[in-house]
Amino acid sequence: MSKKTNALRILDEAGIPYETRAYTVDESDLSAGTVAQKIGLPTSQTFKTLVAKGEQTGVVLACIPGDAQLDLKALARASGNKKVEMVPLKDVFPLTGYIRGGVSPLGLKKDFPLVLDELAHAYDVISISAGTRGLQVLLNPEDLSHLTRAKVGDISRFD
C-alpha cells in the first residue's frame, strides 16, 4: 500500500474513485513518456502539470498531455492573462510544495487556477501525479475538472 499523499486524501474526502500506479523513479529521466511507459498508459493519456505565472492572475497551473508542449499564448488566453511565462524550477517547490516530477494539480500549498487541456476529455481516465515522484493517480478527467474548478482549454501544441 502506497503512502497517502495530500492529493489522494483530497480525492478520498471528495469521494472520487481513482486508482494509483507506482513506478520506479529514474532521477535522470523524469519525462512523461518514461512515466507513461512504466505505468502502462499511452503518453497522450499521462498528463503533466506545469507551473506558470501570468501578469494578471499570478501563478496558474497547466495540465497537458505528456506528449505535448505547453502553448504559452493559449494558456494566457485561457487563464485571463495577456502573457504567461514558466515559473523557474527553483520556485516550483516553494510555490506548490511539490518537486519537479511530482507536481499534482491537487493538494498544493495554495489553490491556484488550473487550466486542463481539452484533450483530457477524450479519455475516460487520465493519469496525473499523485503528488510525489513514483506514484501516479488515474481518474476521470470530469472529476478532476469539477474538483479543481479547472478551466478547460486548447493549451497544447505538438511540434
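Mentor: Let's begin with a term: a polar contact is a pair of N or O atoms within 3.5 Å; within protein, one must be able to donate a hydrogen and the other to accept it, and residues adjacent in sequence count only if both atoms are side-chain atoms. This is a predicted model, where local features need pLDDT of at least 70 and side-chain atom pairs count only at pLDDT 80 or more, while totals for chains, interfaces and linings use all residues. Residues are numbered from 1 along each chain as its sequence is written, and side-chain values use heavy atoms, leaving out hydrogens and water.

Trainee: What makes the side chains of Gln136 and Ser127 a polar contact?

Mentor: Their distance is 2.7 Å, and the limit is 3.5 Å, so the pair qualifies. A polar atom of the Gln136 side chain also lies 3.3 Å from the backbone oxygen of Ile128. Gln136 itself belongs to strand 8, residues 135-139.

Trainee: Why is Gln136 called buried?

Mentor: Buried means under 20% relative accessible area (exposed is over 50%, partly exposed in between; 1.4 Å probe, protein chains only). Gln136 has 4%, so it is buried.

Trainee: How do you know that strand 2 and strand 5 pair?

Mentor: Pairing takes at least two DSSP bridges between two strands. These strands have three, so they pair, and they do so in the antiparallel sense. Ala52 stands opposite Met86 in strand 5.

Trainee: What makes strand 5 and strand 9 edge strands?

Mentor: Five strands form an open, mixed sheet in the order 5-2-3-6-9. Strand 5 (84-86) and strand 9 (151-153) each have a single partner strand, so one side of each has no neighbour in the sheet.

Trainee: Now the pockets: which residues are closest to the centre of the largest one?

Mentor: The largest pocket has a volume of about 550 Å³. Of its 29 lining residues, the closest to the centre are Leu30, Lys48, Leu50, Arg100 and Gly101. Strand 2 gives the most to this lining, with five residues.

Trainee: What makes a residue in that lining nonpolar, polar or charged?

Mentor: Ala, Val, Leu, Ile, Met, Phe, Trp, Tyr, Cys and Pro count as nonpolar, Asp, Glu, Lys and Arg as charged, and the others, Gly among them, as polar. The lining has 13 nonpolar, 10 polar and six charged residues. The second largest pocket, of about 220 Å³, has eight nonpolar, two polar and two charged lining residues. Among them are Ile10, Phe112 and Arg149.

Methods:
1 Å grid on protein atoms, 1.4 Å probe; cavity = no way out; pocket = protein on both sides within 12 Å on 5 of 7 lines; lining within 4 Å. Points joined across faces, edges and corners; volume = space filled by probe spheres on them. Helix = DSSP H or I, 4+ residues; strand = E, 2+ residues; numbered from the N terminus.
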